[in-house]
Amino acid sequence: MKMCLDVGNSQIYGGVFEGKKLLLKFRHETHRSSTSDQLGIFLKSVLRENNMDAEVIKHIAISSVVPPLNYSLGSACIKYFKVEPFWLQAGVKTGLKIKTKEPNQVGADLIASAIASVDMFPNKNLIVSDFGTATTFAAINKQGEFLGVVIQAGVRTSMHALQTFTEKLPTVQIVQPKQVLGRDTTACIQSGLYYGQLGATKEILAGITKEVFAGEAPVIIGTGGFSTLYENEQLFSVVAPDLVLHGIRLALELNL
């Protein structure tokens, strides 16, 4: 079996695969100061609570955008699973042609999602919209060329900014409001968060389609934790919440 880990700024998102089948998914809050023992014990406990033995894990693959955590996580894989992990990073096989000005700066999570998207929709123009700590939009053309990315603050990040830099605005539940115009403070914030992200998403998708694909409608894939919040807004061709895990698995298989 293979364990795939996506180390993000807010959470470590993990999954266990048997072949192509995703058997188990889990999340753990990202703490940059976590030790190898803390991480190893957590990973083994997740398996144990799901009736899996650590010995069934023969490969571990990781994409990470949190470099301070990489040493501890790598050490945890070796100490607790006796597996040297595969890191999705510059220089490994991906099946993509990175056409950005600084290919080494493209986040491993973006590459993973792009790999999975091309696998799902070969020979198609693609936009991958990932709604996480940041909301990102990656464009990949029919030739498998990774063309570039748009990055904006994610919906929860925007909420935290309001809470941090204002005196009286509270934290709210992030939901689709019943109406645009709020009638109390909570509804006002919820509306701004939801429709602000929605409006920006529509504008960015339209701009990429016009600029990169000459107006030809691409396949638009929604992924990330908050993608399901917008799945009824007719933004996406498909919503694939586990896209990044499948991309990490595919990258691992390309490099075995």
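Mentor: A residue is called buried under 20% relative accessible area, exposed over 50% and partly exposed in between, with a 1.4 Å probe and protein chains only. The model is predicted: local features need pLDDT of at least 70, side-chain atom pairs count only at pLDDT 80 or more, and totals for chains, interfaces and linings use all residues. Residues are numbered from 1 along each chain as its sequence is written, and side-chain values use heavy atoms, leaving out hydrogens and water.

Trainee: Is Cys77 buried or exposed?

Mentor: The relative accessible area of Cys77 is 0%. Buried means under 20%, so Cys77 is buried.

Trainee: How many disulfides does the structure hold?

Mentor: A disulfide is a pair of cysteine sulfur atoms within 2.5 Å. The structure's count of disulfides is zero. Cys77 takes part in none, and its nearest cysteine sulfur, 11 Å away, is that of Cys4.

Trainee: Which relation, oblique or roughly parallel, does helix 1 have to helix 2?

Mentor: Helices are DSSP runs of H or I with at least four residues, numbered from the N terminus. The axes, lines fitted to C-alpha atoms over the stretch in contact, with angles from 0 to 180 degrees between N-to-C directions, come within 8 Å and cross at roughly 55 degrees for helix 1 (residues 36-49) and helix 2 (residues 70-81). Angles under 35 degrees count as roughly parallel, over 145 as roughly antiparallel, 65 to 115 as roughly perpendicular and the rest as oblique. Helix 1 is therefore oblique to helix 2.

How values were computed: Helix = DSSP H or I, 4+ residues; strand = E, 2+ residues; numbered from the N terminus.
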